[in-house]
Amino acid sequence: MIPTIPQPSFTKWCYRAYVTVFFVYLALPLTVVCVFAFNNSVFPSPPWEGFTLAWFFGTEAPFIGVFHERSILRAIGTSAFVAIWVSALAVAVGTCNAFLFVRHEFRGKALLYMLMLLPLIIPGVILGISILVFSSTIANTLEDATGLWFDGMRPGLPLVILGQFSFITTFATLVITARLQKFDTSLEEAALNLGATKLGTIRQITLPFLMPAILASAIVSILMSFENFNTTLMLVGSDSPLTITMFDKLKQGSTPVLNAVSLLLIVISAVLGLISLFFPQRKG
């Protein structure tokens with residue numbers, strides 16, 4: 001609906017009702033998950049048995065809280081390790097990609113840009129399987145030729161990091177590119193005329209301008225890494241990130257401890273999302 005175009009009252013009420021139903025549809029499942037994280041029952045479903053914090057801080061079976069569930073804590077640590085590496089690599093490569101696509105003209109630029117966007121439309125499962133098959137083929141070839149064992153190219157955390165990095169970098173590139181396109185290059189020219197080096201100009205003028213986008217893309221990369229499941233499932237080894245661990249526990253029988261983990265993830269994601277929105281407004 002376009003606000004500047006007059007609309008009948010009935011159309012306006014239908015539009016408002018649609019928006020309301022849409023957001024209720026999005027929020028209701030999350031609300032149910034959060035509510036039953038405090039249910040005093042071993043089942044994450046009705047009826048309501050009373051309020052409890054045992055699924056967060058409980059120490060006695062069957063009420064083992066998330067902060068005392070070793071497998072969950074270990075999985076959170078694994079996910080954090082993967083997310084930090086993925087975010088660092090995605091931001092570094094994304095920044096380089098932004099300078100490449102904004103500042104340089106070369107043959108095949110449009111094709112390279114399309115290839116950079118390709119991971120966005122490839123299903124995560126297909127992407128994970130492709131990386132696994134490609135990596136395993138190379139590992140087998142090298143092992144046959146050298147007699148050495150290439151653990152890093154087998155299912156495990158290195159391959160999980162590589163798989164997530166392959167598509168999260170695209171998001172980082174788009175965020176940083178959008179910011180770099182707004183930069184006034186005359187500021188760099190003035191610095192160069194005053195005797196600054198090209199590297200010094202980029203470090204002291206351009207990168208500070210890009211910092212809000214860099215921080216925002218880093219936060220987005222961390223969030224995307226934490227929630228990724230499809231690609232990770234195809235590449236994971238013995239050390240399982242949080243999404244895979246929750247999936248395994250769900251197959252064994254769900255308990256409200258998974259609701260508690262979900263609630264914590266929702267809160268952390270919301271806080272990081274607000275931070276990512278805050279930086280451009282504060283420094284833009």
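1. A residue is called buried when its relative accessible area is under 20%, exposed when it is over 50%, and partly exposed in between (1.4 Å probe, protein chains only).

2. The basis of the note is as follows. The model is predicted, so local features need pLDDT of at least 70 and side-chain atom pairs count only at pLDDT 80 or more, whereas totals for chains, interfaces and linings use all residues. Residues are numbered from 1 along each chain as its sequence is written, and side-chain values use heavy atoms, with hydrogens and water left out.

3. Val-160 deserves a separate entry. With neighbours within four places in sequence left aside, Val-160 is in contact (heavy atoms within 4.5 Å) with Val-82, Thr-232, Leu-235 and Val-236.

4. On the surface, Phe-106, Leu-111, Leu-112, Leu-115, Leu-118, Leu-120, Ile-121, Phe-171, Leu-174 and Val-220 form a nonpolar patch, with about 810 Å² of accessible area together. Such a patch joins nonpolar side chains (Val, Leu, Ile, Met, Phe, Trp, Tyr) within 5 Å, from residues with over 30% relative accessible area and no salt bridge; the areas come from the Shrake-Rupley method with a 1.4 Å probe. Helix H4 (109-117) and helix H6 (157-180) each supply at least two residues of the patch, and H4 gives the most, with three. Leu-118 is placed in the loop between H4 and helix H5 (124-146) and is partly exposed, at 36% relative accessible area.

5. Side chains of opposite charge can pair when their charged atoms come close. The count of salt bridges (a side-chain nitrogen of Lys or Arg within 4 Å of a carboxyl oxygen of Asp or Glu) comes to five. In one of them, Glu-188 pairs with Arg-103, the closest N and O atoms being 3.1 Å apart. Glu-188 lies in helix H7 and Arg-103 in helix H3, so this pair ties together parts that are 85 residues apart in sequence. Glu-188 is buried, at 10% relative accessible area, whereas Arg-103 is partly exposed, at 28%.

6. Arg-154 forms a salt bridge with Glu-143, the closest N and O atoms being 2.9 Å apart. Arg-154 is in the loop between H5 and H6 and Glu-143 is in helix H5, eleven residues apart. Both partners are buried: Arg-154 has a relative accessible area of 17% and Glu-143 one of 13%. Beyond neighbours within four places in sequence, the contacts of Arg-154 also include Ser-136, Ala-139, Asn-140, Trp-149 and Leu-159.

7. Asp-248 and Lys-251 meet in a salt bridge (3.7 Å, N to O). Both lie in helix H10 (residues 242-252), three residues apart, about one turn of the helix. Asp-248 counts as partly exposed, at 28% relative accessibility, and Lys-251 as exposed, at 57%.

Definitions and conventions
Patch = residues over 30% accessible without salt bridge, like charges linked within 9 Å, V, L, I, M, F, W, Y side chains within 5 Å. Helix = DSSP H or I, 4+ residues; strand = E, 2+ residues; numbered from the N terminus.
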